[in-house]
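My notes are below, in the order I looked.

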Amino acid sequence: MTSALVSKAERAYIQASLQATPPLRGDGRGLLDFRTVFLETGVAPLANGSARLNIGKMAHEGGGGTEILAATKLEVEDVETGDGVDGGRIVCSVSCSPSAYSHLSSNALDELQYDLTVILQQTIAHPSLHPQNLTIIPRKKSWLLNLDVLILADSGNVVDAVFMAARAALWDTKVPRTRAVEYHAPEEIQTMRDSAGAMDIDQREAIPQASGFDTREMVRTAADFELPDYWDEGEVLNGRERWPLCVTLNLLPPTHFLDATLSEEASVPSRMHLAFSFGKPNASKLQSMRLSGPGELDLSQIKAYIADGEKYACDLFNALEAKLRDEDARRNVKARNKFALR
Amino acid sequence: MSSRVEILNDGGFRSDGRKQYELRDITIDLSQQGTADGSAIITHGLTQVMVTVFGPREAKMRSQTLHDRAVLNVEMSVAPFSTGERRKRSRADRRILELSAAIESTFEPVVQTSLYPRSQIDIYIHVLQQDGGLLQACINATTLALITAGVPLLDFVCAVSGGVHSTEPLLDLTTLEENDLPNLTVAVMPRTRKVTLVTMETRLHVERFRDIFELACEAGQTIHKEMKRAVKDRTVALVGAMDAGAKHPSGDPDRDLTMEDR
């Protein structure tokens, strides 16, 4: 995606060593190995969900690697008058820091941002993945979920990293609990006041009313909502297991490899981005596919690549899922225990 | 005051439990970020800013270079999720241009640009979280990033914000206080005791200005101590790593000597 400058000789050298038996990579990894992935959730206190992700940070110097910051923020939208959609909507945006792409001009940076935004938006905001709990009041109010991804540093494989960070931020998102509120016009007040003169009696008793516990009819007529005071920040997004993951296959026939560094990316002609969603166990769905770079592929080859990609994505999914549950435990159970021990 | 929150209560405490002249927690992280030559992440309470510095290097556009000194190029980006209400600011947003112009003019007299003619120093500022004192955090982080990049400076630049509540001066304001009080940001060079920036967007009575200005200059010295300690710690760690690297080769005579001594 980015064109780091690699000389012809360097490109040939990298290609030859990748195609050698056994294949060799600059950092000693196998073809299907990822660099170390660091992930932390809950990094932005003002966001509804957030995550910071780093792929390939150097262990000792503490620098390098692809660094992504993703955060979600919820906004209330009016369906009738505003531009809200019944059931809520999701808007994604990717912004690239100029320090990640210091060789690009600001126009080129905008184009890159736009490209990545389109990839993310088309995949994440697809109706098949839409969470059910973004409605506040049906046909009146709904949540707008803004997903902002910030690329702070790029050292290769940025699309996979963006998807992983986005998935972690969405996983972490908490939707505030709401309670519908209905307004009753106090009809009898006027007549009562006339007869009672200036006397002010609490009129509410006089209005025949349904039980306050009966909220079945309320939703239909509700006009507004309120936020009940509750101990937690809200409930998680419905179907958060479904959020997709992307694996990028860097194609260098006859082989392919994962998690390319910048120089490897620059020396491989084409790559294939495959986004998979694993809603139910052992049932994966291909959510999007994109082939970038020149050249052509046989249909049978594409089938083989998709099958391979699914396998890699499944491994990645399991690892990420374990990490996310671990993070949840770290921030809730362990933090609570630590606090109790103080 | 019209605010529902008491800015300064009878006990002399502010809304976040600080005393009048108390500064917020400062944390400084000088570890390397990506491929930048120098970088720093500073947090003042809940305000967090990351600055990366590239250069001095050849400018992308030749026409922008000056023949006798380096050009400082400040670019700022504010994360959309950094504030309470989400707002995406473009690069050409007026507020951002204003802030980056203020930072550029603050550092112009401090960086020894004449040492690097026909080159450019890029300063990229990322605002990750905002809770008041944005300009102060940007300036402090830029100083630290320039230092870690090894760009020669005449002195540190330490900035702090201050405000006045009726007649009482306060230091290091949060968003809540910034919205309600007349406030100013002062950047000082602690060794020479020169001031490189005083900026104010609200109105302040001229009799109150002297108090808060002197107080802010003094607070700059305190921030300087923190920044100096962070820089020193990092340098000590680097020198330690260099020594360890130098002693590592097996043919080193010093190492043999110590082995025999044992």
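These entries go from chain A to the interface and then to chain B.

**Before starting.** I am working from a predicted model, so I treat every value here as computed from that model.

**Chain A overall.** I started with the secondary structure of chain A and found 7 helices and 14 strands. Next I looked up burial: of the 342 residues in chain A, 46% are buried. I also checked how far apart in sequence the contacting residues sit. Taking the contacts in chain A with a separation of 6 or more, 72% are between residues 24 or more positions apart.

**Aromatic rings.** I asked for aromatic pairs over all chains and got 4. The one I opened was F276(A) with F278(A): the ring centres are 6.4 Å apart and the planes make 40 degrees, so I wrote this pair down as tilted. My reasoning on the label is that planes under 30 degrees apart would be stacked and over 60 edge-to-face, so an angle between those limits is called tilted.

**Charges over rings.** I noted two cases. In chain A, R240(A) has its charged end over the ring of W171(A), 3.7 Å from the ring centre. In chain B, K19(B) puts its charged end over the ring of F13(B), at 4.4 Å from the centre.

**Where the chains meet.** How many residues does each chain bring to the contact? I got 31 residues from chain A and 26 residues from chain B. The area buried between the two chains is about 2200 Å², and carbon and sulfur atoms give 58% of that. On the chain B side, I looked for the residues that lose the most area to chain A: they are F81(B), R86(B) and R91(B), which together make up 33% of what that side buries.

**A sheet in chain B.** I traced an open sheet of 4 strands with antiparallel pairing, in the order β7-β6-β8-β9. Its edge strands are β7 (168-171) and β9 (194-200), each pairing on one side only. From one strand to the next, the twist averages 25 degrees.

I zoomed in on β6(B), residues 158-165, and its antiparallel pairing with β7(B), which runs over 4 bridges. Across that pairing, G162(B) stands opposite L171(B). The hairpin these two strands make has 2 residues between the strands, and S166(B) has a positive phi near 45 degrees.

Which helix lies across this sheet? I found α2 of chain B (residues 134-148) lying across β6, β8 (183-189) and β9, at about 165 degrees to β6(B).

**One serine in chain B.** Last, I picked S100(B), which is in helix α1 (residues 94-107). S100(B) has 6% relative accessibility, and the limit for buried is under 20%, so I count it as buried. Leaving out residues up to four places away in sequence, S100(B) touches V74(B) and M76(B).

Key: Residues are numbered from 1 along each chain as its sequence is written. Chains are lettered from A and ligands numbered from 1 in the order in which they are written. This is a predicted model: local features need pLDDT of at least 70, side-chain atom pairs count only at pLDDT 80 or more; totals for chains, interfaces and linings use all residues. Side-chain values use heavy atoms; hydrogens and water are left out. Rings of Phe, Tyr and Trp (its six-membered ring) pair if their centres lie within 6.5 Å; planes under 30 degrees apart count as stacked, over 60 as edge-to-face and the rest as tilted. A charge sits over a ring if NZ of Lys or CZ of Arg is within 6 Å of the ring centre and within 35 degrees of the ring normal. Two strands pair if DSSP finds at least two bridges between them. Axes are lines fitted to C-alpha atoms, for helices over the stretch in contact, and angles run from 0 to 180 degrees between N-to-C directions. Contact means heavy atoms within 4.5 Å. Buried area is the accessible area (1.4 Å probe) that two parts lose on being put together, summed over both. Buried means under 20% relative accessible area, exposed over 50%, partly exposed in between (1.4 Å probe, protein chains only).
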